[in-house]
Amino acid sequence: GIVLATALGFLVGALRLSGNWLGERLAAVYVETARNTPVLLLILLFHGIVINVLPGPRDALGLGGIAFLSNRGLYLPRPVAEPGLWIVVAVFAAALVAALLLRRRCGTAAAALFVVGATGAAVLATGGPVAFEFPALRGFNFRGGMTLIPEFVALTGALAFYTSGFIAEIVRGGILSVDRGQAEAARALGLNRRQVLTLVVLPQALRVIVPPLTSEYLS
């Protein structure tokens, strides 16, 4: 829920300041709907959509061919541990201990590179510590993988939708707190709109965004 709400919130918050008339209006409607609808009503609404609107398993919505969404839930690949998993874990732990002991002598960057390299070599040597079991339609339902029940899907979607409205306003307020001269100077240097937002505005806005964003996560 936090991951989905954050992605939606940042997207809608940036869209409200995009300068696109239609995009700004749609984002404003999204925010007002999300913030002014009781969360219990949203949960019931999303549950009704999952149960009554989504298709059955035979006509399930495919998500990249590896996940499927139907009125019986969300079907996802299930990770299955391979015998080499413990070897990779052991190599990672040993490399991490060695890196911590040698960090002052070799530097933090070199120590981190050593951990990544040792772990990557162990993964390649074992042929992959984790395999995935993908869901497949057999008969009237999917078999294999793991299934998130419709109630869980509805609850996650409703909470993400509700919280993203508040996160969008937090993001918008953080962006507006950055002095306009910063963006004007960035544009004078030849940066495009996306670069101005990601390289200049957002890094400075984060100091305003993070405290209330943390409160939303706790909620």
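1. Helix α4 covers residues 85-106 and bends by about 40° at L100. The bend at a residue is the angle between axes fitted to the seven residues ending there and the seven starting there. Helices here are DSSP runs (H or I, at least four residues), numbered from the N terminus. Just after α4, G107 takes a positive phi of about 100°.

2. This is a predicted model, in which local features need pLDDT of at least 70 and side-chain atom pairs count only at pLDDT 80 or more, while totals for chains, interfaces and linings use all residues. Residues are numbered from 1 along each chain as its sequence is written, and side-chain values use heavy atoms, with hydrogens and water left out.

3. V88, A95 and A99 are the buried residues of α4. Buried means under 20% relative accessible area, exposed over 50%, and partly exposed in between (1.4 Å probe, protein chains only). The buried residues of α4 pack against α5, residues 108-126. Contact means heavy atoms within 4.5 Å.

4. T119 lies in helix α5. With a relative accessibility of 16%, T119 counts as buried. Not counting residues up to four places away in sequence, T119 touches V88, V91 and F92.

5. Two packed helices are described by the angle between their axes and the distance between the axes. Axes are lines fitted to C-alpha atoms, for helices over the stretch in contact, and angles run from 0 to 180 degrees between N-to-C directions. Helix α6 (residues 150-177) packs with helix α8 (residues 193-218) at an angle of about 135°, the axes being 8 Å apart. That angle makes α6 oblique to α8; angles under 35 degrees count as roughly parallel, over 145 as roughly antiparallel, 65 to 115 as roughly perpendicular and the rest as oblique. The crossing of α6 and α8 is right-handed. A crossing is right-handed if the near helix is turned clockwise from the far one by less than a right angle, and left-handed if anticlockwise.

6. On the α6 side of this contact are T163, F166, I167, I170, V171, G174, I175 and S177, which meet L197, V201, L202, A205, V208, I209, P212, L213, E216 and Y217 in α8. The residues of the contact of α6 with α8 divide into 14 nonpolar, three polar and one charged. Ala, Val, Leu, Ile, Met, Phe, Trp, Tyr, Cys and Pro count as nonpolar, Asp, Glu, Lys and Arg as charged, and the others, Gly among them, as polar.

7. P212 lies in helix α8 and, at 30% relative accessibility, counts as partly exposed.

8. Helix α1 (residues 2-15) packs with α6 at an angle of about 40°, with the axes 7 Å apart. That makes α1 oblique to α6. The crossing of α1 and α6 is right-handed. In α1, the residues L4, A5, T6, L8, G9, F10, V12, G13 and A14 meet T156, A160, T163, S164, I167, A168, V171 and R172 in α6. The residues of this contact divide into ten nonpolar, six polar and one charged.

9. L44 lies in helix α3, residues 39-52, and counts as exposed at 56% relative accessibility. The C-alpha atoms of L44 and L155 are separated by 8.6 Å, and the two residues are 111 residues apart along the chain.

Note on methods
Helix = DSSP H or I, 4+ residues; strand = E, 2+ residues; numbered from the N terminus.
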